[in-house]
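Keep the viewer open, try each task, and then compare your notes with the solution.

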Amino acid sequence: MSTNNAALRVEGVNISFGGLRALNDVYLEIGKNEVVGLIGPNGAGKTTLFNALCGLVKPDSGKFYLDGKEQNFPQTAQLVDLGIARTLQGIGLFGDLTVLENVMIGAQKFARSGLISAGFGRNNRDERELKERAMHYLENVYAIGLANRRADTLSYPDTKRVAIARALVGEPKILMLDEPAGGLGSQDIEWMNLLIRNLTAQMSVLIVEHHMDVVMTVCSKLYVLNFGEVIASGNAETVRRDPAVMAAYLGTGA
Ligand SMILES: Nc1ncnc2c1ncn2[C@@H]1O[C@H](COP(=O)(O)OP(=O)(O)OP(=O)(O)O)[C@@H](O)[C@H]1O
Ligand SMILES: [Mg+2]
């Protein structure tokens with residue numbers, strides 16, 4: 001994968017929380033239409049890096065490139081324009097809205113309050129188009145039958161489907177998923193694997209995940225963090241055999 005036209009690349013990322021060095025000279029590259037996995041033991045810095053990539057944490061230093069072009073690390077309000085979407089560990093659906101409404105919100109650049117005051121529910125063509133798009137992505141995550149349910153009545157696996165549909169409806173170039181398989185049973189993990197693999201036709205995907213079988217199945221490249229540093233990167237086989245990785249995971253039960 002050529003470095004120059006990677007969908008997203010960071011290098012030299014440093015982040016400290018007080019005296020704690022959470023990330024130390026971290027690099028990562030996500031190729032176009034590639035699924036990249038970010039793994040590592042608890043506290044390794046995975047979520048911190050993820051958060052830096054989607055504007056929730058500001059790095060102390062580091063370089064950020066989109067499509068080979070250097071720019072500032074994004075702020076959350078810029079993500080839609082930059083073609084980046086993400087789901088978070090805490091799912092964050094609006095419980096009192098329907099599934100369809102929740103997914104439609106994913107296409108908007110403004111928050112829920114702005115959406116409502118901008119005329120959500122008005123019967124115009126934009127809304128019809130958006131609704132169709134939202135239904136299309138609900139279908140993609142096998143959740144079309146949930147469209148009219150209130151979000152707070154969904155099972156946990158179903159909220160994960162809907163959160164992904166909400167991320168997809170903005171038609172991102174890069175989708176970032178923090179623990180997509182977390183809390184899912186083996187059957188749900190199977191559809192998640194399938195879903196993620198299908199997405200690569202349209203976009204690049206970054207997943208932070210504890211489930212080794214998921215990352216080994218869907219990722220073409222892995223980065224392993226330990227104590228805030230990248231200790232290995234490469235395909236699943238290479239990483240699995242890496243002595244530093246085996247040592248990092250020894251005794252963690254993963
Ligand atoms: N906002 C914060 N303030 C202070 N320390 C933090 C903050 N966020 C994370 N840390 C610390 O930074 C380190 C990396 O945490 P991070 O959450 O990125 O790890 P992780 O790899 O996502 O772990 P897990 O697998 O448990 O989710 C940890 O030592 C954590 O305690
Ligand atoms: Mg984490």
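The exercises below go from the whole chain to the ligand and then to single residues.

**Before you start**

This is a predicted model, in which local features need pLDDT of at least 70 and side-chain atom pairs count only at pLDDT 80 or more, while totals for chains, interfaces and linings use all residues. Residues are numbered from 1 along each chain as its sequence is written, chains are lettered from A and ligands numbered from 1 in the order in which they are written, and side-chain values use heavy atoms, with hydrogens and water left out.

**Exercise 1. Describe the shell around ligand 1 and the elements that supply it.**

Solution. 
- Start with the residues that have a heavy atom within 4 Å of the ligand. Around ligand 1 they are Phe17, Leu20, Ala22, Pro41, Asn42, Gly43, Ala44, Gly45, Lys46, Thr47, Thr48 and His210.
- Next, sort them: five are nonpolar, six polar and one charged. Here Ala, Val, Leu, Ile, Met, Phe, Trp, Tyr, Cys and Pro count as nonpolar, Asp, Glu, Lys and Arg as charged, and the others, Gly among them, as polar.
- Then assign them to helices (H or I, at least four residues) and strands (E, at least two), which are DSSP runs numbered from the N terminus. Strand 2 (20-30) and helix 1 (46-53) each supply at least two residues, and helix 1 gives the largest share, three residues.

**Exercise 2. Which polar side-chain atoms lie by an oxygen atom of ligand 1?**

Solution. 
- Lys46 places a polar side-chain atom 2.7 Å from a ligand oxygen.
- For Thr47, the distance from a side-chain N or O atom to an oxygen of ligand 1 is 2.8 Å.
- His210 has a polar side-chain atom 2.9 Å from an oxygen of the ligand.
- To finish, look at the area: ligand 1 taken alone exposes 630 Å², and the protein buries 60% of that, by the Shrake-Rupley method with a 1.4 Å probe.

**Exercise 3. Is Thr48 buried or exposed?**

Solution. 
- Locate the residue: Thr48 is found in helix 1.
- Apply the cut-offs: buried means under 20% relative accessible area, exposed over 50%, and partly exposed in between (1.4 Å probe, protein chains only). Thr48 is buried because its relative accessible area is 12%.
- Check its surroundings: leaving aside neighbours within four places in sequence, Thr48 is in contact with Ile15, Phe17, Ala22 and Leu23.
- Widen the view: seven of the eight residues of helix 1 are buried.

**Exercise 4. Compare the backbone and cover of Tyr142 and Glu179.**

Solution. 
- Tyr142 has a positive phi near 60°, and Glu179 has a positive phi near 55°.
- Tyr142 sits in the loop between helix 5 (125-140) and helix 6, whereas Glu179 is in the loop between strand 7 (174-178) and helix 7 (186-199).
- Tyr142 is partly exposed at 42% relative accessibility, while Glu179 is buried at 15%.

Conventions
Polar contact = N/O pair within 3.5 Å; in protein donor to acceptor, adjacent residues only side chain to side chain. Contact = heavy atoms within 4.5 Å.
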